[in-house]
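Here is a short note for a colleague who is meeting this structure for the first time. Please read the points with the structure open.

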Amino acid sequence: MSNNMNSNYSPIDGKPIRCQLCHGKMDYKGRGQYVCVSCGNRDFDDYGRVRNFLEEYGVAPSSIISDVTGVSEQKIDEMLKDGRIQIAKGSKPYLKCETCGAPIRYGRFCQRCIIHVVGGISSAFDADKIKRSNRGLNTGKMYFKHNKEN
């Protein structure tokens, strides 16, 4: 039975909420692991099952991980994009940077695009600092912030 169809699991995100053995409350312990407060039974959410698989068996294609753990390939892809897991070095990456299309092992953006965006944000803050110092903000007076786009 799929975890999402079982009343012991949250219908929203599939996380264990009731123990399968005694129906006690499940307490989150980290890394996708939950422990029953009544009997100590352990259970795992989707991330925990994928993590356990990778720790026990090592590198595998997402189709195999999905078949063994019951976690959909779509959820595994979401974990890759969220940076919770990554494609092993030496494996052929199938994720693409959302900005430039470069192959990546995890996340949504390649290092080059991340550095470019961070540099842009950093320079925007530096430019804003210069504008504020020229407006006399340190005098404690209020002012209207002029925005050319609005």
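1. The model is predicted. What is said here about positions and distances should be read as a description of that predicted model.

2. The sheet is open and is made of 3 strands, in the order 1-2-3, with antiparallel pairing. Its edges are strand 1 (26–30) and strand 3 (42–44), each of which pairs on one side only. On average, neighbouring strands of this sheet are turned by 35° against each other, with direction ignored.

3. Strand 2 covers residues 33–36 and pairs with strand 3 over 3 bridges, in the antiparallel sense. To find the place on screen, look for Val35, which stands opposite Arg42 in strand 3.

4. Tyr28 belongs to strand 1.

5. What does Tyr28 touch, once residues up to four places away in sequence are not counted? Its contacts are then Gln33 and Tyr34. The side chain of Tyr28 also reaches the backbone nitrogen of Arg31, at 3.2 Å. Pro16 is 12 residues from Tyr28 in sequence, and the two are 8.9 Å apart in space, C-alpha to C-alpha.

6. Ser66 is found in helix 2, which spans residues 62–69. With a relative accessible area of 15%, Ser66 is buried, because the limit for that class is under 20%. If its neighbours within four places in sequence are left aside, Ser66 is in contact with Val71, Ser72, Glu73 and Ile76.

7. How many disulfides does a search of the whole structure find? The search finds 0. For Cys19, which is in no disulfide, the nearest cysteine sulfur is that of Cys39, 3.6 Å away. Cys22 is likewise in no disulfide, and its nearest cysteine sulfur, that of Cys36, is 3.5 Å away.

8. Cys19 counts as buried, because its relative accessibility is 1%. Cys22, at 36% relative accessibility, counts as partly exposed.

Conventions
Residues numbered from 1 in each chain as written. Predicted model: local features only at pLDDT ≥ 70, side-chain atom pairs only at ≥ 80, totals over all residues. Heavy atoms only, no water. Pairing = 2+ DSSP bridges. Helix = DSSP H or I, 4+ residues; strand = E, 2+ residues; numbered from the N terminus. Axes fitted to C-alpha atoms, helices over the stretch in contact; angles between N-to-C directions. Contact = heavy atoms within 4.5 Å. Polar contact = N/O pair within 3.5 Å; in protein donor to acceptor, adjacent residues only side chain to side chain. Buried < 20%, exposed > 50% of the residue type's maximum accessible area, 1.4 Å probe, protein only. Disulfide = S-S within 2.5 Å.
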